[in-house]
Structures are given as C-alpha cells and as structure tokens.
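Subject: Structure handover

Hello,

Please find the structure below, with the sequence. My notes on it follow, and they cover a metal site and the salt bridges.

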Amino acid sequence: MFLRQFVNNNNAAVVEMSRADFLKANLRLILAWPLLGVALCAVLWTATMLQLEAEKKVAQQQALDSVSSQSKAYGQYLLRTLEQMDQLTLQLKYEWENSRGHLRLDQLKTQGMYALPQFAIVAILDRKGQAVTATAPLTRLRTNERSDFLLRHWRSNSSALRIALGRANEAAPAATATGIDETLVHFTRRLEDEDGNFDGVLLISIHSSYFSEFYDSVNFGKLGMSAMVGEEGELFSTRLGARVLPVHAGQGTAFLDTSFLETDSGAMESGSRVAFSDKQNRYVGWQALKAYPFTAVVGFADSEMLHPYQETRTIYMGIAFAVTLLLLAFTVIATVLSLRLAWRHHQSEGVRNAYRMATEGTSDGFFIISALRGDDGGIVDFEIVDCNEPGAGYFGVRREQLLGMRLQSRAHEPYFRDLIHNYRAAMVSGFSEEEIELPDGNPFKLRWIRRRLVRSGDRLAVTLQDISTAKEHERDLRRLANEDGLTGLPNRYWLQQFLPGALARAAITRHMLALLFIDLDGFKDINDTQGHAEGDKVLRAASLRLKAVLRPGDHVVRLGGDEFVVVLDPVEDDSRAEQVAQRIAIAFDEPFYLGSERHKMGASIGISLYPRDGAETEVLLKNADIAMYAVKVAGKGHHRFFQPELFETIRSRRELEQSLVAALEQDQFLVVYQPRVDAMSGQLCSMEALVRWRHPQHGMVPPLEFIPVAESSGLISQLGEVVIEKVCQQMAHWQASGLELVPVSINVSARQFGRGDVHQVLASALARHRIDARLIEVEITESAMMDEQNRAVEQLSAIRALGVRLLVDDFGTGYSSLSQLQKFAMDGLKIDRAFTMELGRSEQGEVFVRAILSMAHALGMSVVAEGVETREQLDILRALQCNEVQGYFISRPVPAEQMQVLMRKRFLIPLPVPVSPPYSPVQGEENNTVS
Ligand code: C2E
Ligand code: CA
Ligand code: CA
C-alpha cells in the first residue's frame with residue numbers, strides 16, 4: 001500500500017513538473033517527422049515538377065514541330081493552289097487570245113467548266129473594264145476595284161499573274177459566315193492584242209475561304225487556325241477550327257496581327273509577339289511561299305496542343321497531391337505516435353527515476369522483480385529488473401551487478417530457493433509482508449529483515465528493510481523488562497509472567513512447587529553506612545551465592561531492594577525447601593568483604609508451598625512474604641514455613657509499619673516530657689522526653705505499640721532523628737523564652753546504634769540549636785548495650801565525647817551486671833519501674849534497690865528511680881538516698897507548654913508531705929493518651 005501510494009505521488013509530481021520540459025527535450029522528435037515529411041514532399045514535388053517540365057518541353061516542342069510542319073504543308077497547299085490558278089489563268093488567256101474574242105465563258109460554265117464553288121467569277125474585261133464574257137455578273141466587284149486592275153495591268157507591260165484581295169463589301173458585311181458574300185481573292189492577267197498592246201484583263205475571283213480548305217479537324221481541333229497572309233501582312237484567308245473567318249474584321253481588329261512575320265518560316269508560341277483577337281494563346285508556325293508573296297500561317301491552340309500534357313500533368317499532380325496528403329497523414333500519425341511513445345517512455349522512466357531517487361534516500365532496499373513465463377504461461381523464473389543502491393547493498397554488490405539477475409541461477413542457495421517460493425506465492429496473493437530471521441549463510445550481512453511484496457501486473461515491488469537493530473532493541477527491551485539490571489537475575493515482572501504457567505503445569509502434573517522469600521538482614525545498614533555502590537556489590541555477591549545453591553531448573557528472582565525469591569519447581573515435600581533454606585543460610589554465614597571490611601549479613605527466609613499455601617501467584621508470594629516477616633520479627637537469620645495463624649498478626653504489623661512511614665512523612669509525632677526531681681530537695685532537676693504518635697484515626701498511640709515495629713522495620717532511626725530534632729528545637733525555644741534549662745534525657749533504641757550515626761545526628765542538632773551538650777542525656781536499655789556490642793561501645797563513647805551524659809534505662813530487667821556496664825562508662829542508671837513498684841510491698845524489693853544504689857554510687861553513677869507512684873515509695877527512695885525520682889506521683893509526662901509551667905515552679909515535691917494530688921496538666925496529658 002505504501003509503495004503504491006508512494007509511486008503514485010511521485011508519478012504525479014514528476015509528470016506535472018516536466019510536461020513542458022518534456023516537449024522541449026523532445027523538440028527534435030517533434031520536428032523530425034514533419035521535417036522528414038516536408039523533405040519527402042519537396043523531393044516528390046521537385047521530381048514531379050521536373051518531370052512535368054520535361055514533358056511540357058516535349059509537348060511544346062511537339063507543338064512547335066507540329067505547327068511548323070503544318071505550316072509547311074499549308075504552304076505547299078497554297079503554293080499548289082496558286083500555281084493552279086496561275087496555270088488556269090494562263091491557259092484561259094491563251095484560249096481567249098486564240099478564240100479571237102469568241103470564247104464564251106458563260107457557255108463554258110454551263111458545260112461544267114469553272115463551275116466549282118470556289119470560282120466566284122471568271123471574266124474577261126475589255127480595256128474599259130466592261131465584261132466581255134463572264135461566268136457571273138460582275139456586280140460583286142466594286143467599280144474602283146475593277147478600275148484598279150485595269151489601271152495596274154495597263155500601266156505594267158508584265159503579263160504576270162496579279163493576286164489581290166477583294167475589298168470588304170459594305171453591302172455584305174464581313175461578319176457573315178455563309179461563304180457566299182465573303183471576300184474574294186482576285187487573280188488577274190493582262191490581255192494583249194497581237195501588237196502587244198493592252199487589251200483588257202482576265203479575272204478569276206476565288207472565294208477567299210477556298211484557301212483555307214487545308215484543314216483537318218484532328219490537327220486543328222476547335223481552336224486551331226490557319227491564315228494566308230499577303231505581302232503586306234493582310235489576311236487573304238483565315239480559318240478558326242471548322243469556321244472560316246471573314247478576312248476583313250470590319251470595325252474590329254483583325255483576327256491575327258501578322259506583324260511577327262519577319263522571317264520566311266518559323267514556329268513560336270504566341271504571347272507577347274503574336275496576338276489573336278480571341279485572346280487565345282497558340283503555337284504558331286509559318287512558311288513563306290517561294291513563288292508567290294504569301295505566307296502560310298498555322299496556329300494550334302495551346303490548350304489543345306498541350307492537352308495531353310495537361311492531362312498527364314493533372315494525373316501527376318493528382319498523384320503528387322495524394323502522396324503529399326499521405327505523407328502529411330503519415331507525418332502527423334508518426335509524430336503523434338512517437339511522441340506518445342516517448343511520453344510513455346518518459347513517464348515510466350520518470351516514475352522509475354523518481355521512485356529510485358526517493359528510494360535511494362532511505363536505507364530500505366527496493367526491487368522490481370519481473371515474472372518470467374514459460375510457453376504454457378506458468379512462471380518459470382524471476383528477474384530483477386530494477387533496484388536501488390541500498391537494495392543492492394543488501395547483497396553486497398552494486399546495482400548494475402544485480403540488474404538482470406535471474407533467481408533460478410542461484411536456486412541452489414537455500415535463501416533464493418525460499419525466495420522463489422515466496423515470490424510465487426505473492427504473485428498469487430498479490431501481497432505479503434513478513435519479518436524474517438535470516439539463517440546463517442544467507443547472502444545478506446543482516447540478521448533480521450522485513451520483506452514486503454506487492455504485485456503489480458506481472459511484476460513484484462519488493463521492499464527489504466533491515467530491522468536487525470529494531471529486533472535487537474526489542475529483545476533488549478524484553479530482557480530489560482524481565483531482567484534486573486543490577487544482578488542480571490529475572491525480575492518481579494518476569495516472575496509474574498512465569499509463575500502462572502509454572503503453577504498451571506504443576507496443577508496438571510500434580511507436583512508441588514516452593515517459593516522462598518528471602519530478605520537480607522542488615523543490608524539496609526550496609527547500604528546506609530557504606531553507600532549505594534557498595535550496597536550494589538553486596539547485592540550482586542548475594543545473588544551469586546543464591547544461584548550457587550540451586551539446581552539448574554530452579555530460579556532466583558530479585559524482587560527489588562534486598563528481597564529475592566527462589567522458585568523450586570518441582571519439590572517433593574517440605575524437606576527439599578528446607579534443605580535449600582539451610583543451604584542459603586550457610587552460604588550467608590560467610591561474611592561479605594567490602595575492601596578490607598567484613599560484613600556479616602544473614603538472610604531471613606519465608607517459605608510457601610503450592611498447593612498447600614495457595615493456588616495463585618499473588619497468594620503464594622504474599623504468604624512467603626508473611627513467613628519471611630515472621631522470621632524478621634522473631635529475630636532474623638532463620639527460615640520458616642508459612643502458617644495460616646501467622647497471617648493476621650503479621651498483616652497488622654505490616655500495616656502498622658506502612659502507617660508509620662506515612663506518619664513520619666506527615667509529621668504526626670510529638671514529644672512529651674516527664675519531670676525528674678531531686679529526691680532530697682524535690683526540685684526539678686531534669687526531664688525525660690517521650691515520643692507520642694498522634695494518629696489521625698486512632699488518636700494518641702502509646703510508644704510501646706509502635707516502637708517495636710519501628711525498630712524491626714528500621715524506621716526507628718528516622719524516628720529517633722525526629723525526636724532529637726524536636727527536643728533540641730524545644731530546648732532552644734525554652735532557652736529563648738528565658739527559662740532556666742534542665743537536662744533532658746532522650747531514649748535511644750539499640751537499633752539506632754546499628755546505623756551508627758546517632759552521635760552525628762545529636763552533634764548536628766545541638767550545634768544547630770546552640771544547645772549545651774551537658775543539657776542532654778541519652779537513655780539506653782541494658783539489652784541494647786548487650787545486643788550490638790561493638791557498635792554500641794563506639795557510638796556511646798562518641799556520644800559521651802560530645803559531653804552528653806549516658807544513662808542505663810530499665811536497669812534490672814536484663815541480665816547484665818554492673819561490672820559489665822562499667823566498661824561503657826555510663827554516668828547513671830534508671831531503676832526499672834518493676835523494682836520501684838516492689839518498694840513498700842516486699843522486703844526483697846527494698847534489698848534489691850539498696851544493693852543497686854550502693855553499687856552505683858560506688859562506681860560513681862547517679863541513680864534515677866522510675867515509676868514512683870506513691871508517697872511511700874518516695875520516702876523509701878529518699879531514705880535509701882536515691883538521687884532522682886520520676887513517676888506519676890510527681891507528674892505524668894506532659895506536653896511542652898505544661899512542662900514550661902513546671903519548670904518555672906521548680907519545686908515539684910511539696911516537702912515534707914505532698915499536700916496536693918498530681919497536677920492538672922499531667923491529667924490533661926494522660927487524658928489524651930490512649931491506653
Ligand atoms: P521507659 O524509657 O521506661 O519510659 C518510662 C515509661 O514509664 C513511660 O511510658 C512513662 O510514661 C511511664 N511511667 C512514668 N512514670 C510512671 C508511673 O509512675 N507509673 C507507670 N505505670 N508508668 C510510668 P511511655 O511513655 O508509655 O513509654 C514507654 C516506653 O517507650 C519507654 O519506656 C521507652 O522505652 C519507649 N520510648 C518512649 N519514648 C521513646 C523514644 O523517644 N525513643 C525510644 N527509643 N523509646 C521511647
Ligand atoms: Ca526511658
Ligand atoms: Ca525505663
């Protein structure tokens with residue numbers, strides 16, 4: 001689809017852009033055919049014209065020859081005729097002279113002589129011009145004509161024949177063509193008597209038309225003419241076609257202007273020199289008669305003479321025109337066809353170029369594959385007809401090397417065998433697209449390609465795309481999603497994908513599966529004290545240890561932080577899971593080394609079993625987690641199986657833990673203060689800071705409900721910081737209010753020493769609020785000092801070095817002896833409430849307190865008695881010389897504002913006998929407390 005669109009778009013662009021350019025580029029082509037046509041026409045017409053010219057010349061020459069010979073023939077004819085007339089007149093003269101005037105011409109005519117139509121008049125005229133004898137009356141002769149003959153023959157002694165043209169008869173106009181009244185030609189001879197004197201004239205008048213009898217319609221046609229021209233150029237006889245023309249033109253011009261007759265004979269084409277009154281052009285030939293002063297003129301009409309030529313010419317021209325038209329048509333068709341062909345070629349070339357140009361820009365390979373068909377029409381092979389450079393690049397060759405390649409030629413390679421198969425399939429389906437992981441030994445240097453095949457007619461447009469990187473990336477992403485980046489172990493996401501399937505398989509094969517939820521003990525401390533980079537090292541080392549104890553089919557997953565899950569699939573019973581748990585414990589016995597430092601880090605393991613402890617992933621995970629938590633609460637470093645009864649208690653603890661986190665974030669803690677007074681003077685000498693949690697729903701939560709959770713979850717450090725900060729802030733405030741400060745003791749949990757920064761927190765808080773270190777005391781329980789020995793010793797001496805006094809809290813509840821405490825260099829100790837309670841009740845209580853007091857004093861430590869609730873207890877403690885007393889009898893723990901009142905009051909125990917019950921502020925505090 002993309003490909004098709006792409007080609008179309010480019011096609012349109014290319015075509016639009018280059019239509020004008022195309023015409024310009026193909027100007028030669030556009031002109032070639034017309035030029036060729038014109039050239040051919042020119043040749044044709046030149047040849048035709050030359051041929052016609054030649055033929056015309058021949059025709060003209062023939063015409064000239066013809067008129068020439070006809071004029072000669074006519075000349076012969078005239079000559080003969082005139083000779084006859086000569087003889088006739090001569091003969092008649094003799095006959096007349098011999099007859100001595102007795103010859104009767106009229107009688108001769110009746111006898112048939114001179115009866116031919118040409119003879120108009122035959123007559124003998126006497127000296128006076130009177131007709132002696134005649135074949136016809138002389139009325140047709142005009143008087144002056146007659147006298148003209150007489151005069152001329154009288155004057156001249158010559159007996160030679162005279163020929164003269166009769167004058168036009170006014171009575172009978174020349175225009176008449178009847179031939180009867182036409183002009184006559186007079187032949188006359190002088191008659192003489194014996195003495196040789198003029199004796200009259202012999203006259204024979206011949207119709208002038210007689211001299212034009214030389215005529216044949218074949219040669220003369222309708223417009224052919226002949227003329228007998230006299231010495232003076234006068235016409236004696238003219239004929240036009242079959243018609244005899246009058247010699248005298250009357251008022252009009254003569255039929256023929258004879259001025260051209262300068263030579264005896266010749267032939268020419270009429271025109272400038274010869275003019276006919278009928279405006280007809282003619283070929284004219286003429287021949288002068290030798291014996292008589294006449295010229296025979298013959299003219300054949302151009303149109304008739306050249307008629308055959310004209311016909312030929314018409315045919316020639318017709319043919320030439322037809323050929324020209326054919327050539328024209330051919331030229332137009334050829335131009336259009338070749339332009340169309342060129343345009344189509346240009347278009348397809350343009351499309352192909354654009355296609356290639358566009359595709360060269362990408363890294364995708366494009367191929368045009370042509371299907372080659374056999375005789376039966378089936379596809380026998382495929383040929384690469386086009387491709388772009390990247391496409392060739394995929395094969396590691398240049399484009400030219402690939403063009404024309406037949407796939408069958410490489411069918412021995414598996415890749416091409418498959419390719420042919422795919423192409424065949426695409427030729428049927430019209431489209432295919434697939435992502436292919438290339439096998440080894442493929443012709444590409446790639447791993448993954450996407451191949452698209454689009455059929456178009458008998459061709460396939462093939463797009464190859466290198467998707468190796470994308471695939472790699474995809475794989476990385478999949479791995480990243482499933483893998484923990486730090487340890488390379490599968491992650492929680494993987495577990496969530498994996499477990500349901502594993503459980504389903506277990507359900508089918510009815511085998512058991514164990515989840516071991518592992519939390520590293522003390523990892524947070526390492527992370528906090530050594531830094532995250534070191535923490536990461538430990539996690540990596542821990543993950544290796546976990547892997548080392550497992551069978552190949554088992555899985556270790558890092559859930560996050562220091563939490564891991566081991567999946568044992570399958571397990572036969574509890575014991576196998578237990579074994580693994582033990583092996584893990586052993587693996588973690590070995591300390592971790594960070595540089596030169598050794599770090600002991602145990603593992604708390606909770607185990608849940610499928611199907612016993614749950615059928616679903618989440619349930620099994622949660623139960624293993626609860627079991628692990630139970631281990632943590634119980635003191636870490638062990639493993640235990642999930643038990644349903646664990647569930648409720650653990651869950652509430654976990655919830656409490658979560659709300660503690662929120663409480664810290666939302667500053668829901670506050671500090672109350674309980675006074676400690678000097679047992680002898682009853683004066684306020686110090687006070688204990690006690691934390692309270694003002695829970696938004698549950699009101700005041702007493703410390704005993706949340707301190708253990710804060711300790712086990714590690715939140716105690718943060719809480720301890722909050723308390724230190726609030727106490728110092730409060731003291732600074734009191735100081736600023738001008739109150740005389742007394743030392744404040746702060747409870748520090750054993751877990752806080754684990755992190756090792758109590759003394760820094762203290763130091764910085766004191767410095768920030770400008771509190772004298774001697775005004776701060778730290779209470780540590782006995783167990784705290786025993787638990788984390790090394791760490792506590794260091795921390796305690798550091799704290800002491802600040803100038804802070806150290807008190808042993810809840811003394812007597814543990815198993816430590818005073819001598820043991822001595823090494824901690826404690827400044828004092830607080831006798832636990834349980835012992836104070838015994839005072840006045842049993843002898844033993846008093847004995848115990850007395851012993852403590854004497855030993856403490858011997859060691860230079862002061863002693864505080866906690867939980868003093870009665871006057872009696874107070875009195876006993878005084879008697880035993882206890883240094884300080886603290887308890888409800890003096891005051892309950894009170895908010896800071898009320899403590900302020902007590903501070904001003906100073907004397908809190910009315911001596912010798914207390915007169916009033918505990919103070920109202922104290923009660924107020926307790927009212928707020930949830931018990
Ligand atoms: P503790 O350090 O032994 O604190 C003395 C506890 O005895 C206080 O309880 C106090 O209210 C109570 N008390 C004082 N006089 C009398 C009395 O005459 N009769 C009776 N029945 N009780 C009396 P509280 O405030 O509930 O504290 C409980 C424990 O919580 C403390 O025991 C201490 O271990 C811990 N705690 C309190 N505040 C903090 C703190 O800021 N940090 C740490 N780490 N622990 C604290
Ligand atoms: Ca305390
Ligand atoms: Ca205590």
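How are the donor residues of the calcium ion (ligand 2) spaced in sequence? The pattern is E-x58-N-x31-E-x29-D. Donors here are N, O and S atoms within 2.8 Å of the metal (3.2 Å for Na, K and Ca), and water is not among the atoms, so sites may look incomplete.

Before the details, two notes on the source. This is a predicted model, in which local features need pLDDT of at least 70 and side-chain atom pairs count only at pLDDT 80 or more, while totals for chains, interfaces and linings use all residues. Residues are numbered from 1 along each chain as its sequence is written, chains are lettered from A and ligands numbered from 1 in the order in which they are written, and side-chain values use heavy atoms, with hydrogens and water left out.

The calcium site

Four residues coordinate the calcium ion (ligand 2) at 2.2 to 2.3 Å: Glu688 (OE), Asn747 (OD1), Glu779 (OE) and Asp809 (OD). Asp809 also coordinates the calcium ion (ligand 3), and the two ions are 3.7 Å apart. Because Asn747 belongs to strand β29 (residues 744–747) and Asp809 to strand β31, the pair ties together parts 62 residues apart in sequence. Strands are DSSP runs (E, at least two residues), and they are numbered from the N terminus. Asp809 is buried at 7% relative accessible area, whereas Asn747 is partly exposed at 29%. Buried means under 20%, exposed over 50%, and partly exposed in between (1.4 Å probe, protein chains only).

Salt bridges

The whole structure holds 41 salt bridges. The term means a side-chain nitrogen of Lys or Arg within 4 Å of a carboxyl oxygen of Asp or Glu.

One of them joins Arg805 and Glu777, with the closest N and O atoms 2.6 Å apart. This pair links distant parts of the chain, since Arg805 is in strand β31 (residues 805–811) and Glu777 in strand β30 (residues 776–781), 28 residues apart. Glu777 is buried, at 2%, and Arg805 is partly exposed, at 27%.

Arg774 and Asp772 form another, at 2.9 Å from N to O. Here Arg774 is exposed at 59%, and Asp772 is partly exposed at 33%. In the salt bridge between Glu400 and Arg398, the closest N and O atoms are 3.6 Å apart; Arg398 is partly exposed at 48%.

Finally, a network of salt bridges links Glu433, Glu435, Arg450, Arg452, Lys471 and Glu474.

Regards

Key. Helix = DSSP H or I, 4+ residues; strand = E, 2+ residues; numbered from the N terminus.
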